[in-house]
Amino acid sequence: MQEPFGSTTIAEAIFLCDCPVCRKDAGVTDANDNRADRFNAKELLEKYANIYALLIYLRHPGLIHAFREHECTLQGTRFLGNNDLQFLFTRFDIQEASGIVEEIIQEQYKFLVRKLEPRNEQTRISAEEILPISEDPNRKGEGDFGQVRFFTIQHEDYLGDGFKDQQVCTSVRQYFMIMLIFD
Ligand SMILES: [Zn+2]
């Protein structure tokens, strides 16, 4: 397994950080600090890896305890919304909680790149979302509905099962797909 934080040791050191912010976020004091017992490298570096990386980025790694309690992860094909993060309001005052929730929602796209899946229905994608594609700069068409461009998928890992089942691409890097761009 490739370790997202370089090594388990670093993840553990951050997990156990003794600074006041981490202690407050984790909800522990000197007297009741049981974080060492709660350290689970496998869980942290797999199921919770994306959300943990995001919390570190936002300088609130201690909140990972609350995310684990509420089984709130950032993985698969779903992004987090306000409703998923309501539990943060029990830990902070409204202003601080709102700020953290806003930052998480805004920055989450840097930490989860969704796999591409074939869809029959039209899908709206947030302008913030990062797509694992390289776009052909030349337009293939343009109409009232938008522009049509070809793109290549940057890595096989970003192809969802739907594409794999159909065996649409023997060589992913050379396979072109069509994307509609709406202005
Ligand atoms: Zn700290």
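This is a predicted model: local features need pLDDT of at least 70, side-chain atom pairs count only at pLDDT 80 or more; totals for chains, interfaces and linings use all residues.
Lys24 belongs to helix H2. The C-alpha atoms of Lys24 and His60 are separated by 9.7 Å, although these residues lie 36 residues apart along the chain.

Ala26 also has its place in helix H2, which covers residues 20-26. Ala26 counts as buried because 23 C-beta neighbours lie inside 10 Å. Leaving aside residues up to four places away in sequence, Ala26 touches Arg35, Gly62 and His65.

## Overall architecture and confidence

The chain contains eight helices and four strands. Read from the N terminus, the order of elements is α-α-α-α-α-α-α-β-β-β-α-β. Of the 183 residues, 16% count as buried. Among contacts between residues at least 6 apart in sequence, 55% join residues at least 24 apart.

The average pLDDT of the chain is 84, and 85% of the residues score at least 70. Over residues 169-176, however, the pLDDT is below 50, and this stretch has 10 contacts in the model beyond near neighbours in sequence.

## The largest nonpolar core

The largest nonpolar core has 18 residues, and those touching the most other members are Tyr48, Ile51, Tyr52, Leu54, Leu55 and Ile64. At least two residues of this core come from each of helix H1 (8-15), helix H5 (49-57), helix H6 (64-69) and helix H7 (94-107). Helix H5 gives the largest share, four residues. As a general background, nonpolar side chains in soluble globular proteins tend to be buried together.

Ile51 is one of the residues that touch the most other members of this core. Not counting residues up to four places away in sequence, Ile51 touches Phe67, Cys72, Thr73 and Leu74.

## Helix H5 and its buried side

Within H5, the buried residues are Ile51, Tyr52, Leu54 and Leu55. These residues lie on the same side of H5, because they cover an arc of only 160 degrees around the axis. An α-helix has 3.6 residues a turn, so residues three or four places apart point the same way.

The buried residues of H5 pack against helix H4 (41-45), H6 and H7. Arg59 follows H5 and has a positive phi, near 65 degrees.

## The paired strands

Strand E3, residues 146-153, pairs with two other strands. Strand E1, residues 133-135, runs antiparallel to E3 and is joined to E3 by three bridges. In this pairing, Ile133 has Ile153 of E3 as its bridge partner.

Strand E2, residues 141-143, likewise pairs with E3 in the antiparallel sense, over three bridges. Here Gly141 stands opposite Val148 in E3. In a regular strand, the side chains alternate between the two faces of the sheet.

Notes: Residues are numbered from 1 along each chain as its sequence is written. A nonpolar core is a set of buried Ala, Val, Leu, Ile, Met, Phe, Trp, Tyr and Cys residues joined through C-beta atoms within 7 Å. A residue is buried if 20 or more other C-beta atoms lie within 10 Å of its own, exposed if 12 or fewer, and partly exposed in between; C-beta atoms are placed from the backbone. Two residues are in contact if their C-beta atoms, placed from the backbone, lie within 7 Å. pLDDT is the predictor's confidence in each residue, from 0 to 100. Two strands pair if DSSP finds at least two bridges between them. The arc is that of the directions from the helix axis to the C-beta atoms.
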